[in-house]
Protein chains: 2
Amino acid sequence: MTRPTNALVTPLLTDLYQITMAYGYWKSRRHDVPAVFDLFFRHHPFNGEFTIFAGLEEVLRFLDSFHFKADDCAFLKRQLPDADPAFFDWLGQIDASALTVYGVLEGTVVFPRIPLLRVEGPLAVVQLLETALLTLVNYASLVATNAARFRLAAGADKLLMEFGLRRAQGPDGAVSASLYCYMGGFDATSNVAAARLFDIPVKGTMAHSFIQSFSAQDGVTHLPMADSRGQIGDFAAAVSHYHNLLGIEQGNAGEMAAFIAYAQAFPRQFLALVDTYDALYSGIPNFLCVALALKQFGYAPIGIRLDSGDLAHLSGEARRMFAECYQQTGIDMGHLSIVASNDINESVLHSLNSQGHAIDAFGIGTHLVTCQAQPALGCVYKLVEINGRPRIKLSQDADKVTIPGRKHAFRLIGQAGFPLLDLMLPVNEPAPQPGHRLLCRNPFAETQRVFVTPSRVQPLHHCMWQGGRVTPAVAPNAARQHVLAQLSLLRPDHLRPTNPTPYKVSVSPGLYEFLHRLWQEEAPVRQMA
Amino acid sequence: MTRPTNALVTPLLTDLYQITMAYGYWKSRRHDVPAVFDLFFRHHPFNGEFTIFAGLEEVLRFLDSFHFKADDCAFLKRQLPDADPAFFDWLGQIDASALTVYGVLEGTVVFPRIPLLRVEGPLAVVQLLETALLTLVNYASLVATNAARFRLAAGADKLLMEFGLRRAQGPDGAVSASLYCYMGGFDATSNVAAARLFDIPVKGTMAHSFIQSFSAQDGVTHLPMADSRGQIGDFAAAVSHYHNLLGIEQGNAGEMAAFIAYAQAFPRQFLALVDTYDALYSGIPNFLCVALALKQFGYAPIGIRLDSGDLAHLSGEARRMFAECYQQTGIDMGHLSIVASNDINESVLHSLNSQGHAIDAFGIGTHLVTCQAQPALGCVYKLVEINGRPRIKLSQDADKVTIPGRKHAFRLIGQAGFPLLDLMLPVNEPAPQPGHRLLCRNPFAETQRVFVTPSRVQPLHHCMWQGGRVTPAVAPNAARQHVLAQLSLLRPDHLRPTNPTPYKVSVSPGLYEFLHRLWQEEAPVRQMA
C-alpha cells in the first residue's frame with residue numbers, strides 16, 4: 001500500500017457533508033447504486049488558455065490507502081450521535097476496491113470541461129472521495145500551471161528556482177509547491193524536505209543574515225585552505241592581493257569577511273549575495289576579489305545573486321564590471337552567473353525581457369507558490385450518471401451546466417503537428433480515426449461547429465485504477481518532460497500571456513443532442529403572470 | 001516531546017541556504033556565537049491596519065521536536081559532498097535547548113515592526129530555525145487576520161463556517177486554514193480532519209450531488225420513521241399531505257425525494273440545499289413540505305442553504321415564503337435559518353449589509369482560505385544582535401531597514417480604555433509605568449513624536465521558551481476569545497475596511513538615537529563624479 005506524501009491526507013480530510021450524505025444514501029439503501037462522477041474545471045487560471053493537470057500520483061496513493069480506521073469511525077459516531085450505529089460498521093469496511101478511475105496523465109496540458117478524472121463505483125464511496133480528490137488536484141494543477149507560465153515567460157535557457165517555502169500557505173502548501181513547480185518546468189527548489197521526498201534538485205547559498213553576522217571589527221578568519229590540487233595556501237592574503245590589484249577603495253569589510261568565510265567553506269559553490277550594503281559599490285567589488293582568489297586556487301567561482309533594486313540595470317552593470325575586471329587583470333573566470341530574486345512575478349519577467357537584462361537565473365518565491373494572480377483553481381466533482389442513467393446538473397448560469405453521462409476524450413492533431421481541438425464523446429461512441437472527417441460541436445453554442453479530419457488522434461483518458469492501481473508511478477522528472485514537450489507542440493497563440501486564443505473543446509453531434517434534450521426535460525419552465 | 005501537527009514539519013523543512021550558512025558559520029568557528037533574531041512584518045495584509053498573530057503553538061512544537069536525525073544528516077551530507085564530515089556530527093547533536101524565545105501570545109492583535117518572536121541562542125542554531133518559523137507564522141497569521149476581517153464584516157451575530165478544504169493550497173493549507181479561521185473568529189469548519197485534530201466545531205449537510213442522485217423515476221423511499229416520542233409513522237405521507245395543503249403545483253420530484261431521504265436520516269438536522277433546480281420555484285416549496293412534516297413528527301427543522309444566485313434577493317424571498325407558509329398553515333416552525341455560501345468574500349459581505357438581506361449564516365471557502373485579496377504575509381526574520389553587538393540591516397529603501405538590538409515592547413492603554421500605541425525599547429531600558437509621561441517617536445520620521453501618559457501598560461512580550469517550553473498550550477477556543485476581546489477594545493477606525501487609521505508603533509528616544517547613529521555608521525557614502 002502506498003500512502004499520500006502528507007500524513008494529513010486520510011479519509012477524514014473531507015467536508016462533513018460527505019459523511020452525512022453517505023449516511024443519507026446508506027439510510028435510504030442507495031449507497032451501493034453504481035455512480036459516475038467527473039472531476040473537471042470550467043475556466044483556466046491566470047486569464048490563460050491552458051492548464052497543467054497535476055496531483056494524480058497523490059490521488060492514486062490516497063485511493064490505495066483509503067480506509068476509515070476504527071478510531072475514525074468512533075470520532076464520526078460522536079459527531080453524528082443520532083445516526084444508526086450500523087452505518088459506522090459499513091463505513092469501517094469500505095475501501096477503493098470497488099472503484100474504477102479513468103483520467104489524464106500527470107502533467108497533461110488540459111482544457112475546460114474535459115474530465116480530468118472519471119470515478120466510477122458505489123454511490124456513497126465515490127461521494128466520500130470528492131473533497132480529498134479536489135484538494136489534491138486543485139492546488140497541484142494551479143501551481144504547476146503557474147510554474148509553466150513563469151517558464152514560458154523566462155525562456156527555456158534560464159535557470160528557474162522555486163524559493164517559496166517561507167511564504168507558502170502552510171508547510172504542505174510549500175512542499176506541494178516545490179514538487180509541482182518542478183513538474184511545471186522549474187529546475188530546482190530551495191526546499192530541502194521537498195527535494196528529499198520527491199528527489200528533485202535543491203539549491204541555495206546564503207542570506208543577508210550571513211553577511212550581516214560578520215562585521216568589520218571581527219576581521220577576516222584566516223583558515224588554512226587547500227587549492228584544487230591539495231596545496232595549502234593563505235586564501236585571505238590572495239583576496240587582499242586582488243583587492244589591491246583592482247584598486248578598490250570602498251566596500252564593506254564585514255561583507256568581505258563573510259564572502260571569504262563562505263568561499264573557504266564552499267570553494268566550488270561560491271555564489272555571493274551582493275546587495276546587503278550596496279551591490280555596485282561594495283558587493284560586486286568584494287565578490288570579484290574573492291572570485292579571483294578562488295580562481296588562483298584552482299576553483300571556478302559561480303557568480304552573484306541580486307535580491308533588491310532594479311534588476312535589469314544592476315545585472316547589466318554587474319556584467320560590465322565582470323568585463324572590466326577581465327580587462328584589468330587578464331584573468332578569465334569564464335561565464336559568471338547572475339541570479340535575481342526580488343519579488344518576481346510573471347509580468348516582471350516579461351518586463352525584464354522587454355527592457356533587456358543580463359540575468360541567468362531566477363529565484364522565485366511568493367508570487368509563484370501562492371499564485372498571487374489567482375490563488376485557487378475551481379475544479380469541481382459532479383455526478384454525471386447514476387444506475388446507468390446520465391444525470392445533468394442544471395443552473396440558470398449555462399456555464400455551470402454539466403455534460404451528462406460517461407464520456408471519453410481525444411486530442412485531434414492536425415497536419416501541421418499542432419493539436420486542433422479536444423473532443424468528448426459518450427463512451428459508447430467509437431473513438432475518432434485519423435483521416436476520417438468528423439463534425440465537432442461546441443457543447444453550448446449551437447452555431448459553433450467545425451469539420452475536423454485529424455492526422456493523429458491521442459486518447460486523453462487512461463484507466464488509472466481498477467479495484468487497485470493500474471498505472472505505475474510517474475517520476476516528477478518524467479512528468480516535467482511531458483509538460484515541456486506538450487507546451488512546445490501547442491500553437492504559440494494559445495500560450496501567449498495577453499489575449500491568448502482559446503483552444504476548442506468539442507462534443508460529438510450525438511452528445512450535443514443528448515445534452516440539450518436532457519436539459520430541456522429537466523429544466524423547470526417557470527410561470528410568469 | 002510535542003510534535004508539530006503536520007509531520008512534514010521537521011528541521012529539513014528549510015531552505016538549503018540555512019544549511020549552507022550553518023556550515024559557513026561552523027567552518028569559520030562562529031556557529032556558537034550568541035545571536036538574536038527578530039521575526040516581524042512590515043505591512044499589514046489586505047490594506048488593513050491590524051494583523052492577528054497566530055502559529056505560536058506550532059512553533060513551540062517545532063522547537064520541542066527540533067533535531068536532525070541520522071538519516072537527515074546523511075541526506076544533507078550527500079547534498080554537500082565537499083563539506084567537512086564533522087559538521088554533520090555537530091548537526092546531529094544540536095537541539096533547541098540552548099535557545100530562549102520571547103514572543104507575543106497566540107491570537108494577539110499586532111502591528112508592523114514589533115517583534116512577534118525574538119529568538120536568542122547560538123548563531124547557527126538560530127539561523128537554522130528561520131524558514132520553518134516563517135512558514136509556521138506567515139500563513140497562520142494571514143488567514144487568522146482574514147477570518148477576523150470576515151467576522152467584522154459579517155457582524156457578531158452571524159454564524160460563520162469555513163468551507164475551504166477543496167480549494168485550499170494543499171491539504172495542510174486547508175487544515176491550517178480551518179484552525180486559524182476558527183481562531184480569527186469563525187464558528188465552525190466543514191473539515192473533519194481539522195475538527196478532530198484541534199477539537200473545533202464541524203458542520204455540514206448536503207451537496208447538489210445528493211439531490212441529483214435522486215430522480216423523479218426513483219420515487220420516494222417510504223421508510224418507517226419514529227417521531228420524537230418514538231411513535232412510528234409514514235413520513236412521506238405526511239410530506240404529501242403538506243404538499244397538497246400548500247397547493248404546490250411545481251417543483252422537482254427528485255429533489256423532493258432527496259429531501260425526504262435526508263430528513264429521515266437526520267430528522268434533527270434538516271437543513272436543505274434548495275438551489276439545485278430552482279430555489280424559489282422548487283427548492284423552498286419542497287423544503288417547506290418536508291419541514292412541516294418534521295414538525296408534525298415532533299422535530300424542529302433547521303432551515304435552508306442557498307449556493308447560487310442573488311443572495312440578498314433570494315434570502316428575502318425565502319423569508320417571505322416562510323412567513324406565507326405560517327399564515328397559510330398556522331404552524332409555527334420557529335426561526336428557520338438561511339445559510340448562504342456562493343463565492344463570498346469580504347466585500348460581498350459589506351455589499352450584502354448595505355443592500356439588506358435575511359441571511360443568518362455564511363459558509364465561506366475559496367476567498368477566505370486562499371486569502372485571495374493578498375495570498376501571503378511578508379514576515380521576515382532578521383539578525384538584530386550578534387555577540388552582544390546590535391546589528392542593523394541597511395537598505396536604500398528605508399522601509400527595509402531593521403531596528404537593531406534586543407527590544408521589549410509594550411501596549412500603552414489610554415484613559416478611554418483604547419490602546420494608544422505600541423512602544424519598543426532596548427531591553428535595558430525600563431518598562432513604561434502607568435501615569436508617567438513618555439516621549440514616543442516614530443522610528444523613521446524625525447518629526448513624528450508624541451507624549452503619552454498611559455493609564456495602563458501591557459507587556460507584549462512573554463518568555464515562551466527557555467531551553468524548553470515555558471508557556472502551556474493555549475486551546476484554539478481560548479485564542480479565539482482573546483482575538484475577539486482585543487478587536488472589541490480597538491478603536492473602530494483602525495478596523496474599518498476602507499482607509500483605516502494607522503495605529504502608532506513607536507520607539508523610545510534612546511532607541512531612536514541609537515538606530516540612527518548605527519545607520520549613519522554603517523551606510524556607505526557613495527562618491528559621485
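## Conventions and confidence

Axes are lines fitted to C-alpha atoms, for helices over the stretch in contact, and angles run from 0 to 180 degrees between N-to-C directions. This is a predicted model, in which local features need pLDDT of at least 70 and side-chain atom pairs count only at pLDDT 80 or more, while totals for chains, interfaces and linings use all residues. Residues are numbered from 1 along each chain as its sequence is written, and chains are lettered from A and ligands numbered from 1 in the order in which they are written.

For the model, ipTM is 0.96 and pTM is 0.97.

## Helices α2 and α5 of chain A

Helices here are DSSP runs of H or I with at least four residues, strands are runs of E with at least two, and both are numbered from the N terminus. In chain A, helix α2 (residues 56–64) packs against α5(A) with the axes 8 Å apart and an angle of about 155°. α2(A) and α5(A) are therefore roughly antiparallel; angles over 145 degrees count as such, those under 35 as roughly parallel, 65 to 115 as roughly perpendicular and the rest as oblique. The crossing of α2(A) and α5(A) is right-handed, a term for the near helix being turned clockwise from the far one by less than a right angle, with anticlockwise giving left-handed.

Contact requires C-beta atoms, placed from the backbone, within 7 Å of each other. From α2(A), A:Glu58, A:Val59 and A:Phe62 take part, and from α5(A), A:Ala132, A:Leu133, A:Leu136 and A:Val137. This contact of α2(A) with α5(A) has six nonpolar residues, one charged and no polar. The nonpolar class is Ala, Val, Leu, Ile, Met, Phe, Trp, Tyr, Cys and Pro; Asp, Glu, Lys and Arg are charged, and the others, Gly among them, are polar.

## Packing around helix α11 of chain A

Helix α11 (residues 279–296) of chain A and helix α12 (residues 311–329) of chain A cross at roughly 40°, their axes coming within 11 Å. That angle makes α11(A) oblique to α12(A), and the crossing is right-handed. On the α11(A) side are A:Ala279, A:Leu280, A:Ile284, A:Leu288 and A:Leu292, which meet A:Leu314, A:Glu317, A:Ala318, A:Met321, A:Cys325 and A:Thr329 of α12(A). Nine of the residues in the contact of α11(A) with α12(A) are nonpolar, one is polar and one is charged.

α11(A) also packs with helix α10 (residues 253–265) of chain A, at an angle of about 35° and with the axes 10 Å apart. α10(A) and α11(A) cross in a right-handed sense. In α10(A), A:Glu255, A:Met256, A:Phe259, A:Ile260 and A:Ala263 meet A:Ser282, A:Gly283, A:Asn286, A:Phe287, A:Val290 and A:Leu294 in α11(A). By class, the contact of α10(A) with α11(A) holds seven nonpolar, three polar and one charged residues.

## Domains of chain A

Chain A is divided into domain 1 (16–147 + 374–522) and domain 2 (148–369), with bounds from an automatic or database domain assignment. The centres of domain 1 and domain 2 of chain A, taken over C-alpha atoms, are 43 Å apart.

Domain 1 of chain A gives 20 residues to the contact and domain 2 of chain A gives 22. On the domain 1 side, α5 (123–154) and α15 (476–489) of chain A each supply at least two residues, and α5(A) has the largest share, seven residues. That side of domain 1 comprises 15 nonpolar, four polar and one charged residues.

## Contact between chains A and B

The contact takes 89 residues from chain A and 90 residues from chain B. Helix α1 (residues 16–27) of chain B provides eight residues, the largest share of the side of chain B that touches chain A. That side of chain B has 40 nonpolar, 34 polar and 16 charged residues.

Key
Contact = placed C-beta atoms within 7 Å.
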